[in-house]
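Visitor: Please show me the structure, and then guide me through how its parts are arranged.

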Amino acid sequence: MKQQYPVPAAIHRVDEKIRRSHFITTVGPAASVEDARAFIKEVRAEFDTANHNCWAYVVGPPGSSGHAGMSDDGEPHGTAGRPMLTVLLHSELGDIVAVVTRFWGGVKLGKGGLVRAYSGGVKSALEALPRVEKMPRSELEVIIGYSEVTLFQRMLPEFEAEILTPTYTDIVHYVLRMPTKHVEQFSVRLADLTNGQGHLSVHPSE
């Protein structure tokens, strides 16, 4: 189960002109490698006429490189993706992806200038990036009777619980997700609500 750590709360973008080139940095959350790749694909599609869409991502806790990736996207080797990734690895944020889009303005920046431009764009975006705390969450399977449904649903917001799958047959079966820290108290409340007749099983989900 992953530890609690800060992650991007939303997508954030900054842009700047450097010696006629236009740099647009887009940063956002990426809870998985698939999410990161989808984010990169979307930004590429948005700026499909750009000369370069360089990117980097870190999936997992801050500073972890087990699920990290980068690309110079045609810029000289080591001048874009690696500097961007270095900034992300030292940002104290996890589950994050960054794409820096460049529209070339006709003036070469040199390798040092490119490194500063790409790393600087990510740093600028991170300064105003909204953040939230990622908490370990669990999936729960709950079986109750129809007579308990109304009171059961009323208590879910108290535990920050979301219903993933409701199934109504001769019994009521819910698959829920909630912060793991609430599971113990939720179990107590469920037992009280159902006089010990409700069924609960817990599975860590992230």
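**Helix packing and sheet order**

Guide: Helices α2 and α3 are roughly parallel to each other, an angle under 35 degrees between N-to-C directions counting as such. This is a predicted model, in which local features need pLDDT of at least 70, side-chain atom pairs count only at pLDDT 80 or more, and totals for chains, interfaces and linings use all residues. Residues are numbered from 1 along each chain as its sequence is written, and side-chain values use heavy atoms, leaving out hydrogens and water.

Visitor: At what angle do the axes of α2 and α3 cross?

Guide: Helices here are DSSP runs (H or I, at least four residues), and strands are runs of E (at least two). Helix α2 covers residues 81-89 and helix α3 residues 110-127. Their axes, lines fitted to C-alpha atoms over the stretch in contact, come within 8 Å and cross at roughly 30 degrees.

Visitor: Which residues of α2 meet α3?

Guide: Contact means heavy atoms within 4.5 Å. On the α3 side, the partners are Val115, Tyr118, Ser119, Val122, Lys123 and Leu126. From α2 come Pro83, Met84, Val87 and Leu88.

Visitor: What is the order of the strands in the open sheet?

Guide: Two strands pair if DSSP finds at least two bridges between them. The edge strands, each pairing on one side only, are β2 (12-18) and β5 (68-71). The five strands pair in the antiparallel sense, in the order β2-β3-β6-β4-β5.

Visitor: Which residue stands opposite Val99 in β6?

Guide: Strand β4 (residues 52-58) and strand β6 (residues 96-103) form an antiparallel pair over seven bridges. Opposite Val99 in β6 stands Trp55.

Notes. Axes are lines fitted to C-alpha atoms, for helices over the stretch in contact, and angles run from 0 to 180 degrees between N-to-C directions. Angles under 35 degrees count as roughly parallel, over 145 as roughly antiparallel, 65 to 115 as roughly perpendicular and the rest as oblique.
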